[in-house]
Structure formats: C-alpha cells, structure tokens
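Q: Could you walk me through a protein model, step by step? I'd like to learn how to read its features.

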Amino acid sequence: MPAGGRPAHEGILRRQSARESAARTYARALPIVPVRARGLTIEGADGRRYLDCLSGAGTLALGHNHPVVLAAIRKVLDSGAPLHVLDLATPVKDAFITELFRTLPPGLTDRARVQFCGPAGTDAVEAALKLVRAATGRTGVLAFTGAYHGMTAGSLEASGGAFDVRVTRLPYPQDYRCPLGVGGERGAELAARWAESVLDDPKSGVRLPAGMILEPVQGEGGVIPAPDAWMRRMRQITADRSIPLIADEVQTGVGRTGAFWAVEHSGIVPDVMVLSKAIGGSLPLAVIVYREDLDVWEPGAHAGTFRGNQLAMAAGTATLAYVRTHGLAERAAVLGAHMLAHLRRLAETFPCVGDVRGRGLMIGVEMVDPEAERGALGKGLEGSGPARVGGPDRPSERGAAADGTRTTPGAARGPHPAAPELAAAVQRECLRRGLIVELGGRHSSVVRLLPPLTITDEQAAAVLDRLSDAVEAAALGHAGRGGTAGRAE
Ligand code: PMP
C-alpha cells in the first residue's frame, strides 16, 4: 500500500475520472483496474478476481491471453518482422487472409476481395457503406431500428439512435417488444413486407438505396436474434432489386452465435461482410470482405495509416484457426442453449426478468418493472393469442409448446416496461460477486453475457450462480424500496 494508506488502484481510478473524457463508458460501471488476465478471469490491482463475461465487448473469442494467441504474437516479435507496414504484402498478412477465406461462406469466398480498414469495427462499416455507394452510384442506405454499427459519422447514421435523411429505417423483427404488436413469425413477416413495400411503392419517399446493412443478431440493441426466415427474405428482397446486402458481423462473427458466421444459420450469402473484434485475436483489426464485382474502387479510394497491424493479423490467424479446428462454434451453440435454459428458469422465479434470449454465447436478460402497467404496444395484442416464435433457435420466450414453437406467458398483454435501474443494480450485484457483465438494449435494461467460447462447463455454472444471486439481490433491493419485483410466490 502506498504512503497515505490508500490502495494504489483507488488512486488510479481517481486519476482516471479526473483526467479522462466524460464520454468514457465501461469504466463508469466497472471501477476495476485489471492487471492480469487469463481465459475468463481478470485480476484487479486490488487482488480481486472477476469472471469476465464482457470479453472486450465480445472481442475475446478465446478469452484473455490464450496461449495460442500469445505464441503467435511472440513468433512475430521474435522473427524481426516489421510491425507496421501500411498495406504492404507480408507473409503474416498472407496467412491471415488464407485462414479468413477458409472460414467464409463458400458462396462469398469463391469470388471475394478483402479490404483492410482502419483498426475498429466502425472503420469497416464506413468502408462498406462507401463501397456500395461507389459500386451502385446511389447514396441511400436501408438500416434497422435498434441497430448499432459504430461511432464514426457514417456508422452512426446507420445506427438506431441517429436521425439522418440518407438512411431509411426499417423495423427489425423482435418478439418481446415487437413494433408491430405481433411478434414471432407473423411479426417478422410483417416487418419484411414493410421493407418490400417501402422499396416498391413509387411514392414511399425512399429512393433505390446503395445498400442494406443489418446485424444477424443485434448486440447493443439488446441481444435480438433475427429469425432465419426473415434473413432469407432480406436476402431475396435485396437480390431481386440489385441492392447489395451488408452483414455487420463485427460482434456475431467467429463462432459467437453457434455458427462460425451468424449468416450461416439462415444460409444466406451477403454481398459484403463487415468483420472486426474477434478477428484480431484481442488486438485491433477490421476488414470488409465483399463480392469482387463490387470492387470498383480507384487505388487509394479507402486508405488509412493503420491497416497493417502485423501482431493483430498473427493473433487473428491463430484465433480463427483455433475456433475452426476446435469446433468452438458448435460448443457455443450447445453451451449457449444450456445457459439460456437455465436463465429461463430464473425468469420463472423472478417476475422482474421479463425476457431471456440469445443465440450461442450471445445472451441477454431483459429486466422489467413487473408492477408497472404493460406497455402500450402490448395493449394492441389483447386477444391476439400468444406470440409464436420461429423455431428452437429463437429462445426468447419462456414456454415451449408441443409443436416446438414457444409461447410467452403474458405475451398476449405485452411486456412490462423496461427497468434500466434494475439492470444497473444487477450489474453492480454481479460485480460484487466477481462477475463482469455488460448492459445494452434500447432502454439499457438488458444484462448481456458475451463469455469467451473457451468457457468450461464449471465456469459457466459459476457465472450462472453469480448472475442468479445478483438478480435475486437486485430484485429484493427493488422490493425493499416498495416494489414487488422479488421472487414469484
Ligand atoms: N458493429 C457492431 C455490430 C458492433 O457491435 C460494434 C461494436 N460494438 C461495431 C460495429 C463498432 O465497432 P467498434 O467499436 O470497434 O468501432
């Protein structure tokens, strides 16, 4: 302990809040000072250990400091290879592209080009939007409610929190808070029809766009998996009208959702894929991969200094290969389904857990206020019967009917309002129990889990135990303040 008796980590946290921008995010809810990490575990400067289910916002497919990642980085360092080479060819980059192309949906790999972008996901989104605008000569973009594509100007335009004339917003299908008041397959079908009519109605006020951008599972939007049938409809609608389809797999890629790329669940082949996070094996790397006939760019049309990070490419190659050869996507599917089933039981115990949903190891628990009246959207549902959900991979609802569709108790009357304070309380209680979770969703009321794909059964059980305890503590705290969010009798 330093002079004055205050632990060093407190000083670091104090200096952080005094010196860093007011825009800092994760650091506000997670006042820890990581000094060591391995796999799922982070150790703070205060000596406490945490199970990290934030995983660098879904970046760490193999967890922290996986031995194959460290070995790949060391190999480059020890080889004397240059670390910075702009976009020049190197053996390290060559190996990365070979491994990346090996994993891509075959319909795309056969005729793909790759563009190395600036190092963040948002850079690759910018590149994708620029590419389709150059290739089509059009400017508009179709994007979805609740989308998140990044923080630079173009990505932000396409994200759900923005308002911009160049982007036309279409409804993203969801069961729990379906904007069309129906949910399930029917809601997805209506959402698809809306997309179609916006494009085909000459007076819709929407010009033929340069592209459509979508996330196969919305992450920041609240862990909302798109139904496979809807994904196929979007592919068909865009293909029929020569609109390039951009799949933003920044968060869903590299096994996270139970398939190597989330588009594989529906079998569609997008025209452009936006990739970042896990492809750099914990170091910054972002690319777009796209159909070669879209490659109309002039030399230098999308340049940037930091597009040749050799360490990230080596770490990324090791990560992609490890996920592929160890079947970690399949593992994510199995373990994710198990974790969802466990959490759904939690939802039966605690009325404040409104919904549990996800795909693979991308899991969300939506906290609601069970005392408050059900939402206006839900009121339109009265008498419309339970929401029907399109198959076993749409685990957003609690009960499973005999025909494999799922039903939500109370769906006929709509969901309770979101409870962001309760979600924040769950996050705090998790941290007290040594578990790091993320919040997200339209109302910041979704507790999100993005554990590494290498998480063991025992670790998953520990995560679920701690999360269950945290939900109980938060619910009791809420009940203690006059609420009734505690245990269902
Ligand atoms: N797209 C998606 C789907 C994302 O989840 C994110 C980041 N959460 C981004 C784009 C932006 O990536 P970055 O933060 O690296 O710019």
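Q: How far is a nitrogen atom of the ligand from an N or O atom in the side chain of Asp248?

A: First, the ground rules. This is a predicted model, where local features need pLDDT of at least 70 and side-chain atom pairs pLDDT 80 or more, while totals for chains, interfaces and linings use all residues. Residues are numbered from 1 along each chain as its sequence is written, and side-chain values use heavy atoms, without hydrogens and water. Now, a polar contact here is a pair of N or O atoms within 3.5 Å. For Asp248, the distance to the ligand nitrogen is 2.7 Å. The side chain of Lys277 has an N or O atom 3.1 Å from a ligand nitrogen, and a polar backbone atom of Thr122 is 2.8 Å from a ligand oxygen. The protein covers 84% of the 390 Å² of accessible area that the ligand has on its own (Shrake-Rupley method, 1.4 Å probe).

Q: Can we move on to the strands? What is the order of the open sheet of four strands?

A: Strands are DSSP runs of E, at least two residues long, numbered from the N terminus, and two of them pair if DSSP finds at least two bridges between them. Here the order is β1-β2-β3-β17, with mixed pairing. At the edges, β1 (34–38) and β17 (435–436) each pair on one side only.

Q: How many bridges join β1 and β2?

A: Four, in the antiparallel sense.

Notes:
Polar contact = N/O pair within 3.5 Å; in protein donor to acceptor, adjacent residues only side chain to side chain.
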